[in-house]
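The following note sets out several points on the packing of this structure. Please read each point alongside the displayed coordinates and sequence.

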Amino acid sequence: MKTLMIVSHPYFSQSRVIRALQHTAERAENVTIRHLEQMYGNDAAAIDVAAEQAAYREAERVVFLYPTHWFNLTPMLKAYLNEVWTYGWAFGTGGTALKEKQLQVVTTAGASELTYSHEGLLNSTMEEVLTPMKASARYVGMHYRQPLAFYEVASGNKDKIADFQARFAAQLAGK
């Protein structure tokens, strides 16, 4: 399956997990990676909308890879969606560019999985936190896949990173 991966991390040089997951994707077959901050810095006005929209043409699956910061997207990923997923292209009159494609969110969180549960501090699961992404996918006619979340990434445990990479590689391979 041809996959377009959109990576965003405002502090990529400090990231251990997102960087490791991106390296995993770089070794996978049929994956095209577009790292927003590497391409455009933090300048939303620099986003090449035509090039970004063209990147979706051959993709059957879109993966957003980013850290969850304050229960939200990264600033560049939000700006990217605002600029690229436009009326008339992604939805609205004649806008069907994303219809029938799959969308999967792959995200990291510094907190534990318990924190992202009904028993934990947030009284909400990660899936519930990601509801706006699910709604966005459905709005433009995409099939929203179960998100893949990796927790406690702030600890940087090397054993966990290897497990995260293996789980992500399996997802990319369709297992």
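1. In this predicted model, Ser117 makes contact with Leu122, Asn123, Ser124 and Thr125, when residues up to four places away in sequence are not counted. Ser117 itself belongs to the loop that runs between strand 4 (102-108) and helix 5 (126-129). Is this serine buried or exposed? Ser117 is buried, because its relative accessible area is 10%, and the cut-off for a buried residue is under 20%.

2. Helix 4 spans residues 75-84, and its buried residues are Met76, Leu77, Ala79, Tyr80, Leu81 and Val84. An α-helix has 3.6 residues a turn, so residues three or four places apart point the same way. The cover over the buried residues of helix 4 includes strand 1 (3-7), helix 2 (36-40), helix 3 (49-55), strand 3 (61-67) and helix 6 (131-139).

3. The largest nonpolar core has 34 residues, of which Tyr56, Phe64, Tyr80, Trp85, Leu103 and Met133 touch the most other members. At least two residues of this core come from each of strand 1, helix 2, strand 3, helix 4, strand 4, helix 5 and helix 6. Helix 4 supplies the largest share, five residues.

4. With neighbours within four places in sequence left aside, Trp85 is in contact with Tyr56, Phe64, Tyr80, Ala90, Phe91, Leu98, Leu103, Ser136, Val140 and Met142.

5. Another core, of 19 residues, lies apart from the largest one. Its members include Val63, Leu65, Leu148 and Ile161.

Note on methods:
Residues numbered from 1 in each chain as written. Predicted model: local features only at pLDDT ≥ 70, side-chain atom pairs only at ≥ 80, totals over all residues. Heavy atoms only, no water. Helix = DSSP H or I, 4+ residues; strand = E, 2+ residues; numbered from the N terminus. Buried < 20%, exposed > 50% of the residue type's maximum accessible area, 1.4 Å probe, protein only. Contact = heavy atoms within 4.5 Å. Core = buried A, V, L, I, M, F, W, Y, C linked by side-chain atoms within 4.5 Å.
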